[in-house]
Amino acid sequence: MSYEQSPQKTGLAREIVKWLQSLDLSFYPMNVRRDFSNGYLVAEIFYHYYPSDFPLHSYNKGTSLSAKQANWSRIERSLQKLNLHLMKNVVDGTIHCKPGAAELLVQEIYTVLTNRSIREVQRPESDFTDQKYQELLPTLARSTACQAIKNNLKTTEMMAEPDICTNQRKAEIILHRHLEHKAAERVFNPRRFKVTPKLDQLAADNLVTSSRGDECFDSLSSAGTTSTSWYPQCERSSSGGAEGMQQGEEALAPCSKHRQEHD
């Protein structure tokens, strides 16, 4: 069976895409996050290497939470017999369709079965969130606090672990991370949030302005003995008298205005 699918659309490395194509699977994972969540494709991949330990008739192609849990429970038992292991947080993230979890799971399976590693392998994370996706969006298009909780705390995740306190802690962690990002945005772009500068910020700005004014007058005093440096117009029009002095005063006007602002 041949597949017409590029690695960019699946989010997998080219080596893994070629490997999946060589297995002649019953269907190609067009959406990695969705198609690997129920575990059927995972069982089919292991079936090509251990056919007696992964009978495909024992696995369900359904997408309900109960079907997913039953399939992954069978996969875990079979892997324990073969002394093979998959990271639990990655499996849980794949079941609940968390961003980046399914891609990392396929890479891990590829490494376990072929003893080959991928250079661009993703690092396992404690939690799989949509933070990277949100950073790519314009500021106005990013999620609100309510939407951030909805995106990163899946309904199936709450159904699998219905403890209210546990889910409340997860929501608090997501909310805290969202507020931290908002605080960073306020510092980076205060005009958008209409943030009034604090006294320490105003003092720092005045200090910068004062230092610039002192540099201007220091350069003026150092060149005060040379009339050609600060009165070029006067020297060129020395025969003009009052006209030359007027041009010289115009040349000094920016520094005088800056000094008045400083005072």
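## Location of Asn167

Which helix is Asn167 found in? In this predicted model, Asn167 belongs to helix H11, which spans residues 164–188.

Asn167 has a relative accessible area of 10%. Buried means under 20% relative accessible area, so Asn167 is buried. The Asn167 side chain lies 3.1 Å from the backbone oxygen of Asp163. When neighbours within four places in sequence are set aside, the contacts of Asn167 are Leu153, Met158, Glu161 and Pro162.

Helix H2 covers residues 14–22, and its buried residues are Ile16, Val17, Trp19 and Leu20. These residues are on the same side of H2 because they cover an arc of only 160 degrees around the axis. An α-helix has 3.6 residues a turn, so residues three or four places apart point the same way.

Lys18 and Ser22, on the other side of H2, are exposed. Asp24 follows H2 and has a positive phi, near 55 degrees.

## Packing of H2 and H7

Two packed helices are described by the angle between their axes and the distance between the axes. For H2 and helix H7 (residues 101–114), the axes come within 11 Å and cross at roughly 70 degrees. H2 is therefore roughly perpendicular to H7. The crossing of the two helices is left-handed.

On the H2 side, the contact is made by Glu15, Ile16, Trp19 and Leu20. H7 contributes Val106, Gln107, Ile109, Tyr110, Leu113 and Thr114. Ile16, Trp19 and Leu20 of H2 take part in this contact and are also among the buried residues of H2.

Methods: Residues numbered from 1 in each chain as written. Predicted model: local features only at pLDDT ≥ 70, side-chain atom pairs only at ≥ 80, totals over all residues. Heavy atoms only, no water. Buried < 20%, exposed > 50% of the residue type's maximum accessible area, 1.4 Å probe, protein only. Helix = DSSP H or I, 4+ residues; strand = E, 2+ residues; numbered from the N terminus. Arc of directions from axis to C-beta. Polar contact = N/O pair within 3.5 Å; in protein donor to acceptor, adjacent residues only side chain to side chain. Contact = heavy atoms within 4.5 Å. Axes fitted to C-alpha atoms, helices over the stretch in contact; angles between N-to-C directions. Parallel < 35°, antiparallel > 145°, perpendicular 65-115°, else oblique. Left-handed = near helix turned anticlockwise from the far one by under 90°.
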